[in-house]
Amino acid sequence: MRVHVADHPLITHKLTVLRDQATPSATFRALTEELVTLLAYEATRHVRTHEVTIQTPVAETIGLAISEPRPLIVPILRAGLGMLEGMVKLVPSAEVGFLGMVRDHDTLEPSVYAERLPDHLEGRQCFVLDPMLATGGSLLAAIEFLFERGADDVTAVCILGAPEGLAMIEKATAGRDVTIVLGALDEKLNEKGYIVPGLGDAGDRLYGTVG
C-alpha cells in the first residue's frame with residue numbers, strides 16, 4: 001500500500017479553517033471542494049494515459065490523453081458527496097459511481113446499503129472519496145467491494161486520517177494495488193472513535209446538521 005500525506009501550505013491553511021468549530025457549513029463546503037481538488041492532483045499522479053498526436057497552430061506534436069476505460073470516482077455516501085465536485089473538476093472525463101455504507105449497531109461491521117456502479121470494473125482505476133479515515137472499517141469495506149467487482153487499482157482520497165485506521169487498511173489490503181492520499185495524518189482516535197484533533201463529524205459539518 002502506498003500512502004501520500006500532502007505537504008503544502010495551502011492545504012494546511014484550508015485544513016486549519018475546516019478544523020475550526022466556528023467555520024459555518026457554507027464555508028466548510030467550499031473549502032472542502034478546494035481542498036479535494038488539491039489532493040486530487042496527487043491522487044491522479046499515476047492515472048493511466050496513452051500518447052496522442054495533435055496539431056498545434058505551429059507544428060504536430062505528441063501529448064497524452066486519459067486512457068479507456070475511464071477512471072471511476074466513487075464517493076461514499078453521505079459525506080463523500082461533499083468531495084465529489086472537487087474531484088470531478090480535475091478529472092471531468094471520469095465516470096461517477098456511488099456507495100452507501102452503514103454500520104450495524106450490534107456488530108459494528110459496515111455493509112453496503114446502496115450502490116450505483118458498473119457491474120464489471122476490470123481494468124478500471126477507482127478513486128474512493130471519504131473525508132475521514134478513522135477506524136478504517138467503512139473505507140476498507142468500500143475498497144474490498146470494488147476489488148470484488150474486478151477493480152485492479154484503488155486510490156482513496158481522505159481529508160484526514162488516523163494512524164489506527166491507516167494501519168488496519170494496510171494490513172487488510174496487503175498485496176493489492178491500494179493508494180491512500182491524505183490531507184493530514186492526525187495524532188490518534190479517541191475513545192469514541194473520533195480523529196484527534198480532527199474536525200468533528202464531516203457529514204454534519206458539510207450539511208449543517210450539527211446539534
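**Salt bridges and the annotated site**

Guide: R149 is buried, with a relative accessible area of 17%. Buried means under 20% relative accessible area, exposed over 50%, and partly exposed in between, using a 1.4 Å probe and protein chains only. This is a predicted model: local features need pLDDT of at least 70, side-chain atom pairs count only at pLDDT 80 or more, and totals for chains, interfaces and linings use all residues. Residues are numbered from 1 along each chain as its sequence is written, and side-chain values use heavy atoms, with hydrogens and water left out.

R149 forms a salt bridge with E115, at 2.7 Å from N to O. The term requires a side-chain nitrogen of Lys or Arg within 4 Å of a carboxyl oxygen of Asp or Glu. R149 sits in the loop between α4 (137-148) and β10, and E115 in strand β7 (residues 110-116), 34 residues apart. Helices (H or I, at least four residues) and strands (E, at least two) are DSSP runs, numbered from the N terminus. E115 is partly exposed, at 34%.

The count is 11 salt bridges. Another one pairs R2 with D177, with the closest N and O atoms 2.5 Å apart. R2 belongs to strand β1 (residues 2-5) and D177 to the loop between α5 (163-172) and β11 (178-185), so the pair ties together parts that are 175 residues apart in sequence. Both ends are partly exposed: R2 at 42%, D177 at 27%.

R48 and D153 form a further salt bridge, with the closest N and O atoms 4.0 Å apart. R48 is in the loop between α2 (25-43) and β2 (49-55) and D153 in strand β10 (residues 153-161), so parts that are 105 residues apart in sequence are tied together. R48 is partly exposed at 32%, whereas D153 is buried at 8%. A network of salt bridges links R48, D152 and D153.

Now the site. An unreviewed UniProt entry annotates I195, G200, D201 and A202 as "binding site". Positions follow the numbering used here, feature names are shortened, and annotations may be inferred rather than shown by experiment. The lining of the largest pocket includes I195, G200, D201 and A202.

I195 is in strand β13 (residues 195-196) and is buried at 7%. Not counting residues up to four places away in sequence, I195 touches residues including M132, L160 and D186. Contact means heavy atoms within 4.5 Å. A202 is in helix α6 (residues 202-207), also buried at 7%. With the sequence exclusion of up to four places, A202 touches F28, P131 and M132.

Key: 1 Å grid on protein atoms, 1.4 Å probe; cavity = no way out; pocket = protein on both sides within 12 Å on 5 of 7 lines; lining within 4 Å.
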